[in-house]
Amino acid sequence: IQRWRGFVVAIDEISRPSAQQSTKAPETIKNEHPSSIMVDANLTQPLVDGNRDGTNQQPPRGALLAIFAPLLSVISFILSNSSSDWCDFAYRRVSDETSTTKALEYSTQIGIWSFEDTHDANSNACYWYPSGIPIDSYFKSSRWFSQLALGFGGTAMFVLLMSSCIHHTKRQWKCLGIFLMMTCFFQGLQFLILSSNLCTGSTSKGNSVSCEIRRGGKCAIAAIVFWFVSGMAVLRSDPLEQHNHTQQRTVECVTTTEEVRPDGTRVTNTTTTYDYA
């Protein structure tokens, strides 16, 4: 009996460390290996435009107006060029007209730079004004403002057409809108020709003259409207933002977790995350 008791005690002492070992919590070893590398953000998540938190970015104010502004400026420039390029801005009517072939002594169409000679064999042909025609300040101003309208409007049109390729700040965008409004003002001053001696004076024979707008003048009115609308579209909107999907610098964080199970086996878990630098 004593032998059996001693044998049981010996077995109990041997089994106690094993029991303590079995009740011991699993060991967890955690290793982190952060490293800074160049990775493409598209490998881990969709590219985020502007906001790094993944939220959707609101479109710029008046984005639709900013898109249509280049088209409106092109239409305006075509109308502006058409108003001064031909000799039909207005119809100059001479009272008590007599049969004569002398230039501008008869009723005919006139333009900013040329007039129509109805007595010429080539009908609807335009000719430069003769040197003997008196050009007053109204006529000179009309010519100057027609060129300023084309210069300012052409520059604004070119910049608007390139706005999809070149980024503009808000200040530059507003200055462009002011350019368009100035072009609208210059286009309207083109009608000073109606107050010149060419339309309000008299011929060399003393016949009174008067002018009424024709195709060129109507094109100028349409150009004024389109310049104004395009200018307001730019002033009431913000520049379109450029989206450059390039590689972004991110930080790769590798977390390794090692777990020791009760049976002595080891399980390793590796987690990789990417954060913006």
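Author: In this predicted model, Cys175 has a relative accessible area of 42% and is therefore partly exposed, whereas Cys165, at 59% relative accessibility, counts as exposed. A search of the whole structure finds two disulfides, and when the bonded cysteines of the protein chain are numbered in sequence order, the pairing reads 1-2, 3-4.

One of these disulfides joins Cys87 to Cys126, with an S to S distance of 1.9 Å. Cys87 belongs to the loop between α2 (63-85) and β2 (90-94), while Cys126 is part of strand β5 (residues 126-128), so this pair ties together parts that lie 39 residues apart in sequence. The torsion about the S-S bond of Cys87 and Cys126 is about -70°, which means that the disulfide is left-handed. As for the surface, Cys87 counts as buried at 2% relative accessibility, and Cys126 counts as partly exposed at 26%.

The other disulfide joins Cys199 to Cys211, with an S to S distance of 2.1 Å. Here Cys199 lies in helix α5 (residues 197-200) and Cys211 in strand β6 (residues 209-213), so the pair links parts that are 12 residues apart in sequence. Because the torsion about the S-S bond of Cys199 and Cys211 is about -90°, this disulfide is left-handed. Cys199 counts as buried, at 4% relative accessibility, whereas Cys211, with a relative accessible area of 23%, is partly exposed.

Notes: Residues numbered from 1 in each chain as written. Predicted model: local features only at pLDDT ≥ 70, side-chain atom pairs only at ≥ 80, totals over all residues. Heavy atoms only, no water. Disulfide = S-S within 2.5 Å. Helix = DSSP H or I, 4+ residues; strand = E, 2+ residues; numbered from the N terminus. Buried < 20%, exposed > 50% of the residue type's maximum accessible area, 1.4 Å probe, protein only.
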